[in-house]
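Here are my notes on the model you sent over. Have the structure open while you read.

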Amino acid sequence: MFDHVGIVFRDLKAARAFYTIVLEQIGIRLMEDHTQPDGTGWLVYSDGASEAPFFVVAAGRPSFWNVASAAARSPAHIAFRAHSRETVDRFHAVGLQNGATDNGRPGVRRGRYYCAFLIDIDGNNIEAGVYA
């Protein structure tokens, strides 16, 4: 449904450490690093397939922000598609080991949809799920 999604974080280095290891559990890896010397910039995560959807982790002030905008002010919800129940379980476990808070243990929801929820390091609700 989405081509890409981007979120601005307070600390790009911390967001990189968290998302690189957590998303790795569901087959998503860091594809591009555009970190600037001042700590701003953006990272692009994807499964590596040609023209695949991607997730952008950024720090700094995007051009579309107004003066009242700030990182981590309003939490977002992002659901990543996983490959199996095992990858959902690893996503959840590794997230907890790397600073996330449990927001819904792995389990079946909505028919056969198996998923898990975490609150990331900036308060966003992230989810991994699979129809299995």
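This is a predicted model: local features need pLDDT of at least 70, side-chain atom pairs count only at pLDDT 80 or more; totals for chains, interfaces and linings use all residues.

1. Start with the inside. The largest nonpolar core holds 28 residues, and Tyr 19, Leu 23, Phe 55, Val 57 and Phe 80 are the ones with the most contacts within it. At least two core residues come from each of helix H1 (12-24), strands E3 (41-46), E4 (54-59) and E5 (77-81), helix H2 (85-97), and strands E7 (113-119) and E8 (125-131). H1 gives the largest share, with 6 residues. There is also a second, separate core of 5 residues, including Val 8, Val 44, Ala 58 and Trp 65.

2. Strand E4 is worth a look. Of its 6 residues, 5 are buried, so the rest of the structure largely encloses this strand. E4 pairs with strand E1 (residues 4-8) in the parallel sense over 5 bridges, while E3 and E4 run antiparallel and are joined by 5 bridges.

3. What does Val 57 touch, leaving aside its neighbours within four places in sequence? Its contacts are Ile 7, Phe 9, Leu 12, Ala 15, Tyr 19, Gly 41, Trp 42, Leu 43 and Tyr 45.

4. On to H2. With 13 residues at 1.5 Å a residue, H2 should span 18 Å, and its end C-alpha atoms are 19 Å apart, which agrees. Its buried residues are Thr 87, Val 88, Phe 91, His 92, Val 94 and Gly 95. Among the elements covering them are H1, strand E6 (101-109), E7 and E8. Just after H2, Gly 99 takes a positive phi of about 105°.

5. The aromatic pairs come to 5. In one of them, Phe 55 and Phe 80 have ring centres 5.2 Å apart and planes at 80°, so they sit edge-to-face. This pair links distant parts of the chain, with Phe 55 in E4 and Phe 80 in E5, 25 residues apart. Both Phe 55 and Phe 80 are buried. Ring pairs also link Phe 9, Phe 18, Tyr 19, Phe 55 and Phe 80 into a cluster.

6. Now compare Tyr 113 and Tyr 131. Their ring centres are 4.8 Å apart with planes at 45°, so this pair is tilted. Tyr 113 is in E7 and Tyr 131 in E8, so the pair ties together parts 18 residues apart in sequence. Tyr 113 counts as buried at 6% relative accessibility, whereas Tyr 131, at 41%, counts as partly exposed.

How values were computed. Residues are numbered from 1 along each chain as its sequence is written. Side-chain values use heavy atoms; hydrogens and water are left out. A nonpolar core is a set of buried Ala, Val, Leu, Ile, Met, Phe, Trp, Tyr and Cys residues joined through side-chain atoms within 4.5 Å. Buried means under 20% relative accessible area, exposed over 50%, partly exposed in between (1.4 Å probe, protein chains only). Helices (H or I, at least four residues) and strands (E, at least two) are DSSP runs, numbered from the N terminus. Contact means heavy atoms within 4.5 Å. Two strands pair if DSSP finds at least two bridges between them. The expected span of a helix is 1.5 Å times one less than its number of residues. Rings of Phe, Tyr and Trp (its six-membered ring) pair if their centres lie within 6.5 Å; planes under 30 degrees apart count as stacked, over 60 as edge-to-face and the rest as tilted.
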